[in-house]
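This report describes the fold of one protein, from its overall dimensions to its sheet. Please keep the sequence and the model in view while reading.

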Amino acid sequence: MVRRARLRIVWTTGVVVTLLVTLVGAVAYTVMTHAQDAQVRREVRYGAAYGDPERPPGCMWLYGPGGPGASDGPEGFPLRADLDRVRLTGEPIERTVRRGGATYRVRTQLRRDGDVVQAVLDLRFHLADRDHLWLALGAAEGVGLVAAVA
């Protein structure tokens, strides 16, 4: 009877720990993802509007007058179709693109001076932070389950 009660306590504690870690993880991941996405949008919009193509911010490439050639940035950039479309319509285009195993946020827009610029922001560090969060939550789950068994 004591053995059965002990197993029931371990099982219940394990379920509670799992639920708590899952809840905290879901909230943390949602908040982190929302904050990172907002930051990325701000960075790429600012870079496209005001960045210096000769000296772009870190993890960003700016294609436009005075900017790098296609060989200086990641493979597959600039996105020529987006540049042409913005030249025709004047409407900015912003999207996420996957190239060569990496993910980039790309914004192509017309600047106030009439130049069309394409900002390409590498998202590897943002995505790595999300992976690290999952790793930390997995470790917390493991520690909680070991504590429940102990």
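In this report, contact means heavy atoms within 4.5 Å. Among contacts between residues at least 6 apart in sequence, 53% join residues at least 24 apart. The structure is a predicted model, in which local features need pLDDT of at least 70 and side-chain atom pairs count only at pLDDT 80 or more, while totals for chains, interfaces and linings use all residues. Residues are numbered from 1 along each chain as its sequence is written, and side-chain values use heavy atoms, leaving out hydrogens and water.

Three helices and four strands make up the protein; these are DSSP runs (helices: H or I, at least four residues; strands: E, at least two), numbered from the N terminus.

The strands form an open sheet with antiparallel pairing, in the order β1-β4-β3-β2. Two strands pair if DSSP finds at least two bridges between them. At the edges lie β1 and β2, each pairing on one side only.

| Strand | Residues |
|---|---|
| β1 | 60-63 |
| β2 | 93-99 |
| β3 | 102-110 |
| β4 | 116-122 |

Seven bridges join β2 to β3; Ile93, for example, has Thr108 in β3 as its bridge partner. Helix α1 (residues 2-50) packs on the sheet and touches β1, β2, β3 and β4.

As for dimensions, the C-alpha atoms fill a box of roughly 80 × 25 × 25 Å along the principal axes. Of the 150 residues, 34% count as buried, meaning under 20% relative accessible area with a 1.4 Å probe, protein chains only.

Terms used: Axes are lines fitted to C-alpha atoms, for helices over the stretch in contact, and angles run from 0 to 180 degrees between N-to-C directions. Buried means under 20% relative accessible area, exposed over 50%, partly exposed in between (1.4 Å probe, protein chains only).
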